[in-house]
Amino acid sequence: MAGEASRMIVFRSGKKKDRLPFRMPTRSRFFGISWSRWVLIATGFLVAVIVINQYFFCPQYNFTEPRPFTGKHWYNPYEDIDTLRRFKCNFHAHSRAWMGLTNGNGSEQEVWDRYASLNYDVHCISNYHCISRFNDTAQNYLSAYEHGYNIKKNHYLLLNYRQVSFRDYPLPQTAHNKQHLIALLQPAHDELLAINHPSLRHAFSERDLALLSGYQGMEVLRSRHTHSYREWDAALSAGKPAFLLANDDLHDVHDAGDIGLNCTFVFAPALTASDLVQALRTGRSYGLRIGGSGQETFEDKQRKARAGLPALKSLLLRGDSLTLELSEPASEIRFIGQGGIQRARHQGVSATYVLDTNDTYVRAHIIFPDSSVMLLNPVFRYNQEPLLRQLPSINPGKTWLMRICGVLLLIIYLAATVMLAYRLNIRQNKI
Ligand SMILES: [Zn+2]
């Protein structure tokens with residue numbers, strides 16, 4: 001048996017026989033508990049600290065009940081756009097990083113070159129917790145990284161940040177955990193914080209998105225299928241000025257089916273990081289899911305990119321009339337409002353929707369004959385500051401109550417574990 005040894009009796013004939021087994025004295029002990037048990041106690045304690053830190057030490061917020069956009073004015077992000085200064089962008093792509101430990105296939109050079117050959121003006125490399133400096137002297141370089149190493153993929157995209165943060169909550173997150181991370185990652189005026197793929201693994205519920213604030217963007221179109229229309233409408237219906245991003249979230253640059261699926265078109269005065277971020281923060285952009293069968297080769301995609309994609313020519317609000325004009329006819333132009341409900345449907349190269357008193361926001365969802373889907377940012381009501389994204393306040397009473405409970409739980413857990421280990425040792429020594 002493990003931990004037991006036998007003393008041998010040697011007979012004159014040379015035969016050996018076991019004596020009664022006896023217990024080896026335990027040499028290394030601390031407070032009567034073996035070192036192996038201390039290792040188990042320390043591991044358990046570490047796990048308990050992670051759990052208690054996430055669920056008891058995190059600040060508790062005063063979330064206000066969701067309120068739709070209200071006010072007598074309408075914010076239209078496209079009012080003053082210059083359609084000649086439009087940049088095709090992908091902000092979310094992974095290359096090989098962290099010695100291959102994270103999910104990313106292909107070098108930074110390959111990612112850069114492939115996006116350039118698909119006519120993307122801006123193509124970020126956004127590895128996990130790592131800002132790529134590849135080609136950082138190029139005019140169209142924009143620093144980016146993806147934040148989050150938790151079970152449910154609560155991920156954020158951080159654009160134009162100078163530093164990486166490693167703070168996270170690894171277990172399934174509460175709304176307070178999510179809000180705390182958004183508070184910790186707050187961007188400067190020339191930086192952008194966006195929620196990535198909220199529908200992936202149901203990382204952000206519609207309820208979460210009705211409560212959370214302090215971010216500027218949401219990755220509504222992502223990869224081939226992970227789109228987050230409901231989540232976006234949940235945030236907009238709760239009066240959150242969240243503007244969309246459309247990204248590939250590329251993980252394998254050698255897979256033609258993984259690249260050139262989506263793009264964000266940004267109207268910016270110049271191709272600089274601060275101009276691009278400023279345009280995204282104010283909604284002067286739109287998303288496009290590039291149509292196709294899904295079986296295209298990389299060369300097919302290059303040809304399609306060269307031929308040109310459907311474009312927004314204008315979206316104007318004159319009185320109550322919201323009129324959009326496209327570069328080519330659409331098979332469906334849907335105007336969507338509060339609660340994600342379709343308010344009107346048209347087709348053609350242009351369409352007008354007349355806003356009524358019940359409208360809080362209206363966004364256009366446009367489908368083209370080649371199955372491309374264009375998403376426009378919403379126009380929405382406001383009174384004074386349309387783009388106010390205030391963080392909710394922290395509830396100090398609740399926060400400290402939770403923290404005291406957490407400390408008590410930790411003490412009880414540690415004391416109970418040590419006592420159990422001690423008793424087990426005594427019982428084992430008696431056997
Ligand atoms: Zn992600």
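What is the order of the strands in the open sheet of five strands? The order is β10-β11-β12-β13-β14, and the pairing is mixed. Strands (E, at least two residues) and helices (H or I, at least four) are DSSP runs numbered from the N terminus, and two strands pair if DSSP finds at least two bridges between them.

Two remarks on the source apply throughout. Residues are numbered from 1 along each chain as its sequence is written. The model is predicted: local features need pLDDT of at least 70 and side-chain atom pairs count only at pLDDT 80 or more, while totals for chains, interfaces and linings use all residues.

**The whole chain**

Display the C-alpha trace of the protein chain, which spans about 110 × 55 × 40 Å along its principal axes. The chain has eight helices and 22 strands. Its radius of gyration is 29 Å, whereas a compact globule of 431 residues would have a value near 22 Å; the radius is taken over C-alpha atoms, and the globule rule is 2.2 Å times the number of residues to the power 0.38.

Next, select β13 (residues 217-222), which pairs with β14 in the parallel sense over five bridges. Gly217 has Phe243 of β14 as its bridge partner.

**Helix α6**

Select residues 273-282. This helix, α6, lies across β11 (156-159), β12 (192-195), β13 and β14, and runs at about 50 degrees to β12. Axes are lines fitted to C-alpha atoms, for helices over the stretch in contact, and angles run from 0 to 180 degrees between N-to-C directions. Within α6, the buried residues include Ala273, Leu276 and Leu280. Just after the helix, Gly283 takes a positive phi of about 85 degrees.

**The nonpolar core**

Select Ala144, Ala194, Met218, Ala235, Val266 and Leu276. Of the 87 residues in the largest nonpolar core, these touch the most other members. Such a core is a set of buried Ala, Val, Leu, Ile, Met, Phe, Trp, Tyr and Cys residues joined through C-beta atoms within 7 Å. Strand β18 (residues 321-337) contributes the largest share of this core, seven residues.

Centre on Ala194. Not counting residues up to four places away in sequence, its contacts (C-beta atoms, placed from the backbone, within 7 Å) include Tyr156, Met218 and Leu245.

Beyond four places in sequence, Leu261 touches Ser223, Arg224, Asp248 and Ile290.

**Strand β22 and its partners**

Finally, select β22 (residues 379-382). Three bridges join β22 to β7 (residues 73-75), and the two run antiparallel; His73 stands opposite Tyr382. Strand β20 (residues 361-367) also pairs with β22 in the antiparallel sense, over two bridges, and Tyr361 stands opposite Phe380.

Technical notes
Buried ≥ 20, exposed ≤ 12 C-beta atoms within 10 Å, placed from the backbone. Contact = placed C-beta atoms within 7 Å.
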